[in-house]
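Dear colleague,

I am handing over the structure shown below. My notes on its core and its charged pairs follow, and I would be grateful if you read them beside the model.

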Amino acid sequence: MKYEEMFDRGVLDPSHPPVVEVGTLGTSTKNLKAGTVLKVTTKKYEPAGDSDTPVAGLLEDVPSHTDDVTAFVLRHGVAVRSRLLNYATGSETAASDTLADKLPS
């Protein structure tokens, strides 16, 4: 995936050069969308909720998977607040201010 495609997804704000990495996502029964706020557990990314410590944002859609998969994640940069999502609650919801405010600045 090219950066231009990520910008087209609406998650990245081009006002600041992003630091993007390929991260490993653990098993997920959910289809995750770009903008999902992520935490790290056992060296793998997974959806973060309000009580978690988020570290990144997912930059591409990832279908449900029974094995680990890799995907582009935003480790540093400017994310569009309205595009951040919380999948930790069991279904897709907009990320709360609590969750979004915990992302590293």
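The largest nonpolar core of this predicted model comprises 11 residues: Leu25, Leu32, Leu38, Tyr45, Ala56, Leu58, Val62, Ala71, Val73, Leu85 and Tyr87. Strand E4 (56-58) and strand E5 (69-76) are the elements that each contribute two or more residues to this core. One of the core residues is Leu32. Neighbours within four places in sequence aside, Leu32 contacts Leu25, Pro47, Leu58, Glu60, Asp61, Val62 and Tyr87.

I turn next to the charged side chains.

Glu21 pairs with Arg75, with 3.9 Å between the closest N and O atoms. Because Glu21 belongs to strand E1 (residues 19-25) and Arg75 to strand E5, this pair ties together parts that are 54 residues apart in sequence. Glu21 is partly exposed, at 31% relative accessibility, and Arg75 is partly exposed at 34%.

Lys39 forms a salt bridge with Asp52, the closest N and O atoms lying 3.3 Å apart. Lys39 is in strand E2 (residues 37-41) and Asp52 in the loop between strand E3 (44-47) and E4, so parts 13 residues apart in sequence are tied together. Both Lys39 and Asp52 are buried. A network of salt bridges links Lys39, Glu46 and Asp52.

Asp68 and Lys44 also meet in a salt bridge, at 2.8 Å from N to O. Since Asp68 lies in the loop between E4 and E5 and Lys44 in strand E3, the pair ties together parts 24 residues apart in sequence. Asp68 counts as partly exposed at 38% relative accessibility, as does Lys44 at 30%.

With kind regards

Conventions. Residues numbered from 1 in each chain as written. Predicted model: local features only at pLDDT ≥ 70, side-chain atom pairs only at ≥ 80, totals over all residues. Heavy atoms only, no water. Core = buried A, V, L, I, M, F, W, Y, C linked by side-chain atoms within 4.5 Å. Buried < 20%, exposed > 50% of the residue type's maximum accessible area, 1.4 Å probe, protein only. Helix = DSSP H or I, 4+ residues; strand = E, 2+ residues; numbered from the N terminus. Contact = heavy atoms within 4.5 Å. Salt bridge = Lys/Arg side-chain N within 4 Å of Asp/Glu carboxyl O.
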